[in-house]
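Subject: Structure handover and notes

Hello,

Here is the structure I said I would pass on. Please have it open while you read the notes that follow.

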Amino acid sequence: AVVGAGPGGLTCAYYLARMGYSVTVYEAQPVGGGMLGITVPEFRLPREVIQKEIDYICACGVEILFNTPIDARHTVNDLLEEGYSAVFIAAGAQSSLRMGIAGEDEAVEGLYHGLQFLADIRAAEKIPLKGRVVVIGGGNVAMDVARTALRVGAEDVQIFYRRTIAEMPAWKKDIEEAIEEGVVINPLWAPKRILNDGTKV
């Protein structure tokens, strides 16, 4: 049994199937691909590309059970009792990093965390962006958020990062494409707190 149909789980399942093992993948989400399928924007990774890979893995003999989480109601021990010889856990890392500043965890209008914002957009939820948008961070998620914000209505998107552009952990190609699309990068800036009036930023 493999827990999670993200890149790690699907890779494990594929190679086990090639070695002759019978493999079942348990996936909590209705789609496979993990964070690639849930958060990476369509313009960077079309869903059809992910689906072709998943279809190929299934054609190799791997069974994927979607909407089937392994949790307190159906545990790893339950899987072993059901006859699986081993369980590979590929649950992934699915939370946005926090900055550790005041106001970042308050539920107010206009404040979004990167991965959740991308997941909502990928799930076709409407997020009313307009005017100016500030993105804090310098990684690949920050670049995806900035470029996506432009695509869903923001007129001016600016990234603020605490170090230099050369020190940004995002891939150089993503940084260049974000700039080409109109994203402004402001290096050597770090927020101290996020202000709100009780209902919105």
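In what order do the three strands of the open sheet run, and is their pairing parallel or antiparallel? The order is β5-β6-β7, and the pairing is parallel. Before going further, please keep in mind that this is a predicted model.

The sheet

β5 (132-136) and β7 (184-187) are the edge strands, each of them pairing on one side only. From one strand to the next, the twist averages 25°. As background, strands of a sheet pair through backbone hydrogen bonds, in either a parallel or an antiparallel sense.

Between β6, which covers residues 156-161, and β7 there are four bridges, again in the parallel sense. At the residue level, Phe160 is placed opposite Asn186 of β7, and Tyr161 has Pro187 in β7 as its bridge partner.

The helices beside it

Helix α6 (residues 140-151) lies across β5 and β6, and its direction makes an angle of about 165° with β6.

How do α6 and α7 sit relative to one another? Their axes come within 10 Å and cross at roughly 20°. Since angles under 35 degrees count as roughly parallel, α6 is therefore roughly parallel to α7. The crossing of α6 past α7 is left-handed.

The contact between the two helices involves Asn140, Met143 and Arg147 on the α6 side. On the α7 side, the residues that meet them are Asp174, Ile175, Glu177 and Ala178.

The whole chain

The C-alpha trace spans about 55 × 35 × 30 Å along the principal axes of the chain.

If you want a place to start in the viewer, go to β6: this strand pairs with β7 over four bridges, and helix α6 lies across it and β5. From there, the contact of α6 with α7 can be found through Met143, one of the α6 residues in it.

Regards

Key:
Residues are numbered from 1 along each chain as its sequence is written. This is a predicted model: local features need pLDDT of at least 70, side-chain atom pairs count only at pLDDT 80 or more; totals for chains, interfaces and linings use all residues. Side-chain values use heavy atoms; hydrogens and water are left out. Two strands pair if DSSP finds at least two bridges between them. Axes are lines fitted to C-alpha atoms, for helices over the stretch in contact, and angles run from 0 to 180 degrees between N-to-C directions. Contact means heavy atoms within 4.5 Å. Angles under 35 degrees count as roughly parallel, over 145 as roughly antiparallel, 65 to 115 as roughly perpendicular and the rest as oblique. A crossing is left-handed if the near helix is turned anticlockwise from the far one by less than a right angle, and right-handed if clockwise.
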